[in-house]
Amino acid sequence: MVVDQVTKDLVLNAVPQQYPFRFIDEIIELDENHIVGAYRYREDEYFYKGHFPDRPITPGVILIETMAQTGVVAFGLYLTMQQRHNSLEETRQLTTLFTFVESVEFNNIVSPGERVIIRGEKIYFRRGSLKTKVSMERENGDNVCFGVLAGAGVMLNEA
């Protein structure tokens, strides 16, 4: 069942990463099997100054982090609330930590000012661990990168 805008906004606001390390602006679609989000890389992002000074491009690790914030963190928060019937406050106490990155391939660069669409498809969600197939594309549909990512929700004091 596709969720309403109120739920999408609640999940988005529960994502713990904040400026300058937050790479999700919007959740476009969300249900128990997939998520679609978006992010626009601002021209003044801190990493462009050194990557690369004469031709700034978004670093690959930032592209992976962007995919993770939508495809693992936001999606995992939603699935945790649904599966455990947790309140938003209970779910916010969890921090999602990377557990797995596999077969990430980069097909295009992302320049300052570009908006990307991130799509995550659930492979499995069990015992607080989420594994997803995640892809990133430009607004025109050109694929930027894709891979398999996983993470687990843990209490901060247990990490």
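**Notes on the predicted model**

1. Of the contacts in the chain that join residues at least 6 apart in sequence, 65% are between residues at least 24 apart. The model is a predicted one.

2. There are 3 helices and 6 strands in the chain. Read from the N terminus, the order of the elements is α-β-β-α-α-β-β-β-β. The radius of gyration is 15 Å, close to the 15 Å given by the globule rule for 159 residues, so the chain is as compact as a globular protein of that length. Along the principal axes, the C-alpha atoms fill a box of roughly 50 × 35 × 30 Å.

3. Of the 159 residues, 47% count as buried. The chain exposes about 8,300 Å², and carbon and sulfur atoms supply 51% of that area. Its side chains include 16 positive and 22 negative ones, with the centres of the two sets 3 Å apart.

4. Strand β5 (residues 129-138) is mostly covered, with 9 of its 10 residues buried. Strand β4 (residues 115-126) runs antiparallel to β5 and is joined to it by 10 bridges; Tyr124 has Lys131 in β5 as its bridge partner. The two strands form a hairpin with 2 residues between them, and Arg127 in the turn has a positive phi of about 50 degrees.

5. β5 also pairs with strand β6 (residues 143-155), in the antiparallel sense, over 9 bridges. Here Val134 has Gly147 in β6 as its bridge partner. β5 and β6 form a hairpin with 4 residues between them, where Gly141 in the turn has a positive phi of about 95 degrees.

Methods:
Residues numbered from 1 in each chain as written. Predicted model: local features only at pLDDT ≥ 70, side-chain atom pairs only at ≥ 80, totals over all residues. Heavy atoms only, no water. Buried < 20%, exposed > 50% of the residue type's maximum accessible area, 1.4 Å probe, protein only. Pairing = 2+ DSSP bridges. Rg over C-alpha atoms; globule rule 2.2 N^0.38 Å. Contact = heavy atoms within 4.5 Å. Areas by Shrake-Rupley, 256 points an atom, 1.4 Å probe, with all protein chains shown as cover. Lys, Arg positive; Asp, Glu negative; His and termini not counted. Charge placed at Lys NZ, Arg CZ, Asp CG, Glu CD.
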